[in-house]
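My entries follow in the order in which I made them.

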Amino acid sequence: MTQNTELQDVIQVDHLNAWYGDRQVLKDINFSVKKGEIMVIMGGSGSGKSTLLRYLLGLNTPVSGHIRLLGKDITGMSHSELHDMRKNMGVSFQGGALFGSMTVGENIQLPLREHTHLDASTMQIMARMKLEVVNLAGFENLMPSQLSGGMIKRVALARAIVMDPKILFFDEPSAGLDPVVSAELDEMILKLRDAMNMTIVVVTHELESAFKIADRITVLDRGEILICGTIDEVRNSNIERIHNLLNRKPRQDVINVDEYMQRLTGK
Amino acid sequence: MKQFATQVGMTFTAAIVELGYVFVLLFEALRWIFLGQLRHQPVRMAHVFHEAMQIGVMAVPIVAILCMAVGTMLAIQGLETLKPYGAQGQVILGIAVSVTREFAALIVGIVVAGRSGSAIAARIGTMMESQEIDALRAIGIDPVRYIVAPVLIAMVIVVPALTVLGILMGMLGGAIYSSMELNIAVLTYMERSFDVLRAWDIAQGLIKSVIFAAIIALIGVSNGFQVTGGAEGVGRATTRAVVLSVSFIVIADMIFTFFLTR
C-alpha cells in the first residue's frame, strides 16, 4: 500500500528551505502532488511561490530539503540524470520565454531537437499538432515578436507539452491577459489533464482561475505553507491570512513598537 | 579609514569572484566543446557559423577601413619623422612590423569588442531578463553549451582571420600613401613589405588576436549572465562589457608585447 501511494506521488517536497542572502524565502515546505492532479500554488507577490517553482524545476539547488519528481530525488542528481528527467517535465514561463531569434515552429521543436533523433519533417508535424492543441494552427512561421500576449502564452504551452511530459509546470497562466483569454487557457489546462493525464502544477495569484482548475490548492504566504487542501478546505479555512487573501483585504500587521523604532533608526 | 579599507576589500573580493566565474565559464565551455559529442549534446556547428557570420563577416568592411586608415596614418607620421634623416625608405619596415605585430590585432580587437562583445552581453542579458535562459535550462539545454561555446569558437576563429585582413589593409593603406610620396609602385611596396616580414612577426599578431578573442567572448558572456534589474541592467552590462574588454585587450597587449619581443 505504501509503495502504491509513493508511486502515485509524482511530486514530493520534503522540508525544503531556501534563502536569498540571509533572508529565508521558503520555510520548511512539505507537500506532494498525485498523478493526474492539478495543484495550484497560490500566494501574493513575495510569498515565495516563484522561488518554489524554480526549485521544483531544478533551476536552483536547495540548501536543505529534498524534492522528488516521479520518485527520483532531483536535489542530488548528476547532470545527465537531470537531463533525462527534463524529458518528463514541461514548463511554461510567465512571460512565455520564447526565443526571439526563432520562429514559433522552431521554438516548439527545440525540445524535440535536443532530446530526440527524429527527422525534421516528423518534428514539424509534431509541432503543428501541438499548435492545433493550443488553437494556433498556421502560426508556425511567425516570430514571437509578432504575437499577442495570449498567443505567446499558448505557444509557450505548446512548447512545454511537445515532449508529452508527465509533469507540466505553468507559471502565472493568466497574468497580463484579458479575462476571456485567461479563461481559455484555464480550459486548455483542464483539457490537457483529461486528455493526457498529466500532472500539472500551476503557480498563480488569480483566485478565480485557481478555483476553476485546481484539484488542490497550496497557499503560500511569506515563505510558509498556510494550507494545502481541496478548494472547499481552502474556502472554509478559518486562518486569517487566507481570509485576507481570498477577500482581498490588505495585511494588517500589529506593529511591535520596539522593532519599529529599531528598523527606523537602523540600530 | 575603516570604511575605505572595507570598500577596497569588498571590491577586491568581488573582482576575484568575478575572475573565478569567468574561468568557470571558460572551463565549462571547453568541456562542452571537447566532450559534448560524447554526452550526445554536441556544440552545434550551425550556431558556430551563425556567430562567425555575425562577429566576423559583418565586421569586414569596418575592419578594412579602419586598418587602412591606421596604415595611412603610420605612413604619414613615419615619412614625416624619417625625412630629416633621409631614411624615408625605412617606413616600409616600420609599417610592416608595427601593423603585423601590433595595430591590426589591436584595431580588430577594439572593433569586435565594440560591435560583438556588447551585442553578446546585451543578447544574453535580455535572455536572462525574459527567462529565456531559464527556459533553456528547463528544456535541458545547458546555456554554456548552447550560447557560450559557439561564441567562443567563432571568436577564436574569426578574430585572427580579421587580423590577417587588417594586416593586409594596413600595409595597403601605408603603400598607397607612400607610393605617392616615395614614387614607388604599390605592388613594389607590398613586395618589399613581405620581404622584410618574418613569420614570427605575423605569429605575434595572431597569438595576440587569439587572446583578444577569448577576452572579448568571456567578458561579453559573463557580463550578460550577471544581468539583473531589467532594461537598465542590460544597458549597464553592455557598457561594462565593452569598457572591460577594451581595457583588458590593451593591458594584455602590453604584457604580451613585453614577453613576445624579448
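**Salt bridges within a chain**

I began with B:E232, which forms a salt bridge with B:R236, the closest N and O atoms being 3.3 Å apart. I count a salt bridge when a side-chain nitrogen of Lys or Arg is within 4 Å of a carboxyl oxygen of Asp or Glu. Both B:E232 and B:R236 lie in helix α9 (residues 230-260) of chain B, four residues apart, about one turn of the helix. Helices (H or I, at least four residues) and strands (E, at least two) are DSSP runs, numbered from the N terminus. B:E232 counts as exposed at 58% relative accessibility, and B:R236 is partly exposed with a relative accessible area of 49%. My classes are buried for under 20% relative accessible area, exposed for over 50%, and partly exposed in between (1.4 Å probe, protein chains only).

Two notes on the source. This is a predicted model, in which local features need pLDDT of at least 70 and side-chain atom pairs count only at pLDDT 80 or more, while totals for chains, interfaces and linings use all residues. Residues are numbered from 1 along each chain as its sequence is written, chains are lettered from A and ligands numbered from 1 in the order in which they are written, and side-chain values use heavy atoms, with hydrogens and water left out.

Next I looked at A:R241 and A:E224, whose side chains meet in a salt bridge (3.6 Å, N to O). A:R241 lies in helix α10 (residues 240-246) of chain A and A:E224 in strand β10 (residues 224-230) of chain A, so the pair ties together parts that are 17 residues apart in sequence. A:R241 is partly exposed at 33% relative accessible area, and A:E224 is partly exposed at 32%.

**Between the chains**

I searched the whole structure and found 24 salt bridges over all chains. Between chain A and chain B the count is three. One pair I wrote down is B:D134 with A:R54, the closest N and O atoms being 2.7 Å apart. B:D134 lies in helix α5 (residues 132-139) of chain B and A:R54 in helix α2 (residues 49-56) of chain A, so the pair joins two chains. B:D134 is buried, with a relative accessible area of 11%.

How much area do chain A and chain B bury between them? The value is about 1,700 Å², 54% of it on carbon and sulfur atoms. Buried area here is the accessible area (1.4 Å probe) that two parts lose on being put together, summed over both. A:H79, A:F99 and A:E114 supply 31% of the area that chain A buries against chain B, more than any other three residues. The contact takes 21 residues from chain A and 19 residues from chain B, where contact means heavy atoms within 4.5 Å.

I also counted nine residue pairs in polar contact between chain A and chain B, both residues at pLDDT 80 or more. A polar contact is a pair of N or O atoms within 3.5 Å; within protein, one must be able to donate a hydrogen and the other to accept it, and residues adjacent in sequence count only if both atoms are side-chain atoms. On the side of chain A that touches chain B, α3 (79-85) and α4 (104-115) of chain A each supply at least two residues. α4(A) gives the most to that side, with five residues.

**Rings**

I found one aromatic pair over all chains. The rings of B:F258 and B:F259 have their centres 5.2 Å apart and their planes at 80°, so the pair is edge-to-face. Rings of Phe, Tyr and Trp (its six-membered ring) pair if their centres lie within 6.5 Å, with planes under 30 degrees apart counted as stacked, over 60 as edge-to-face and the rest as tilted. B:F258 is partly exposed at 47% relative accessible area, and B:F259 counts as exposed at 55%.

**Two single residues**

Is A:E37 buried or exposed? A:E37 is buried, with a relative accessible area of 9%. A:E37 lies in the loop between β2 (23-34) and β3 (38-42) of chain A. Leaving aside neighbours within four places in sequence, A:E37 is in contact with residues including A:R193, A:D215 and A:R216.

B:V22 has its place in helix α1 (residues 2-35) of chain B and is buried at 15% relative accessible area. With neighbours within four places in sequence left aside, B:V22 is in contact with B:L218 and B:S222.
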